[in-house]
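Please read it alongside the sequence and the model.

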Amino acid sequence: MKKMSKTKKLILSALLLTLTIVLSRFLSIKTPLLSINFSFVPLILAAIWLGPKYTVLIAGLSDLIGAILFPFGEFFIGFTFSTCLAGLIYGLVLYKKDEELTNKQLIIRLIISCALVTVLVNTVLNTLWLVIMYNKAFIVLFATRIVKEIVMLPIEVVTMFVLVNSLKPITKKYVI
């Protein structure tokens, strides 16, 4: 795998940042306590193509810019932290600097990264932020949110596996 230039990384980061904002702010189902969206797609692609540093930056900026330009409810820095942590987890688990992941490696890393983000970030941390914000009981919010997360986990893994494999020819030609 050849090395990507800084210019290409910045352009790709800007594109993935924009896509993350659109998917999280416009193409999502949101209630005050639950959000269903596909903003994980550009974050996982950033993790695979660019690594943890860029993915954390894209995740954090997407949350901040999205909250400023297209607010949904009140801003809480905990959710920005959660988004950055998700980007870090994806980046650390999915990025392989010098070579391409095999299908077996990809599926294993997708399962691990998506499960970690689902459990640590989406279920535990984000529920904690909601408890702090709305002064609700943790277990009540947790019970509601865990069902959504259990349903979304296989959807995330399958979606990303199919998408990454579908994008391989384009990635080889234009991205990397």
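1. Asn135 counts as exposed, because its relative accessibility is 70% (exposed means over 50% relative accessible area, buried under 20%, and partly exposed in between, with a 1.4 Å probe and protein chains only). Asn135 lies in the loop between H5 and H6; helices are DSSP runs of H or I with at least four residues, numbered from the N terminus. The phi angle of Asn135 is near 55°, a positive value in a residue other than glycine.

2. On the basis of the values: this is a predicted model, in which local features need pLDDT of at least 70 and side-chain atom pairs count only at pLDDT 80 or more, while totals for chains, interfaces and linings use all residues. Residues are numbered from 1 along each chain as its sequence is written, and side-chain values use heavy atoms, with hydrogens and water left out.

3. Asn122 is located in helix H5 (residues 103-134). Asn122 is buried, because its relative accessible area is 16%. Beyond its neighbours within four places in sequence, Asn122 is in contact (heavy atoms within 4.5 Å) with Val117, Thr127, Arg145 and Glu149.

4. The largest nonpolar core has 35 residues, and Leu16, Ile44, Trp49, Leu50, Tyr90 and Met160 touch the most other members. Such a core is a set of buried Ala, Val, Leu, Ile, Met, Phe, Trp, Tyr and Cys residues joined through side-chain atoms within 4.5 Å. H2 supplies the largest share of this core, 10 residues.

Key: Helix = DSSP H or I, 4+ residues; strand = E, 2+ residues; numbered from the N terminus.
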